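Here is a set of questions and answers about one chain. Please look at the sequence and the model first.

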Amino acid sequence: MSTLSSLAQHVTRRPQRIALLEQIAAQGSITRAAKAAGMSYKAAWDAIDELNNLADQPLVARSVGGKGGGGARLTSTGERLLHLHQRLQAIQADLLQAADDDADLQVLGRLMLRTSARNQLSGRVRAIHPRGGNDRVDVELPGGALIQAQITRSSTAHLQLQPGVALLVLIKAGWLQLSAVAEAADPQLNELLGRIEQILLEADGPCEVRIALPNGQTLCAQASAEQLTAQGLVVGSAVRAQFAATQVLLGTQV
């Protein structure tokens, strides 16, 4: 199954995401598209990040702080996805009619993945290195960036991992350690370099920091306002996000 087909099935289970893409195509504005799709501005940004991260190529091209709260348009990949969704809707209707009863649909719903991890990135297995009872899995993200995940040997077998297998990479926002690029990196940790796209201040907790990666994917991290100030990290700053191999969770399609 192609990445585009897989992603189309993923968003078919989330009609609001499709509605957002349709409104972005029509409105050209994140604020207006979010309102028309019945979403908050923040939820719309989260949805765009998720869809762009799951695709090999971004579905939405955007500009921060444009007229109407930020300009946005569908890429050619996003336009193809919308067209594919229209075809899948007809197929989905046939499948629902074929279900014996509501119990079938409930079982199917439980099989669909939901996760609390803010960062969900697409990737592929580059190589697997045995480490005692564990494996170090080299994961290649779109654009060629490499990160490592440490999982048990039994998990490698359960996920049927081998070079070339497509993966869903999950990293919790609180696991990301941010630092200025000029500072020394910890060689024992994974690192991804990007640029701070947005900082959302929270009244009763850490700031939410959105980081644009060179490949079009987006990371969401958490950091205190004091930490960001001490390191001189502001919107537009180059930033390093580091995390341990044990903090990378992997998933595959069944």
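Q: Which residues of α4 are buried?
A: The model is a predicted one, in which local features need pLDDT of at least 70 and side-chain atom pairs count only at pLDDT 80 or more, while totals for chains, interfaces and linings use all residues. Residues are numbered from 1 along each chain as its sequence is written, and side-chain values use heavy atoms, with hydrogens and water left out. Buried stands for under 20% relative accessible area, exposed for over 50%, and partly exposed for what lies in between (1.4 Å probe, protein chains only). The buried residues of α4 are A44, W45, A47, I48, D49, E50, L51, N52, N53 and L54.

Q: How far does helix α4 reach from its first C-alpha to its last?
A: Helices are DSSP runs of H or I with at least four residues, strands are runs of E with at least two, and both are numbered from the N terminus. The expected span of a helix is 1.5 Å times one less than its number of residues. Helix α4 covers residues 41-54, which is 14 residues, and its reach is close to the expected 20 Å. From first to last C-alpha, the reach is 20 Å.

Q: How many residues apart in sequence are the parts that R118 and E208 tie together?
A: A salt bridge is a side-chain nitrogen of Lys or Arg within 4 Å of a carboxyl oxygen of Asp or Glu, and R118 and E208 form one at 3.0 Å, N to O. R118 lies in the loop between α6 (102-111) and β3 (119-131), and E208 lies in strand β9 (residues 207-212), so the parts tied together are separated in sequence by 90 residues.

Q: Which strand holds E140, the partner of R126?
A: The side chains of E140 and R126 meet in a salt bridge of 3.0 Å, N to O. R126 lies in strand β3 and the two parts are 14 residues apart in sequence; E140 lies in strand β4.

Q: What is the relative accessibility of D135?
A: D135 meets R153 in a salt bridge of 2.7 Å, N to O. The pair links R153 in helix α7 (residues 153-158) with D135 in strand β4, 18 residues apart. R153 is partly exposed at 35%, whereas D135 counts as buried, with a relative accessibility of 2%.

Q: Which residues do salt bridges that share partners join into one network?
A: The structure holds 11 salt bridges. Those that share partners join K42, D46, D49, R118, E208 and R210.
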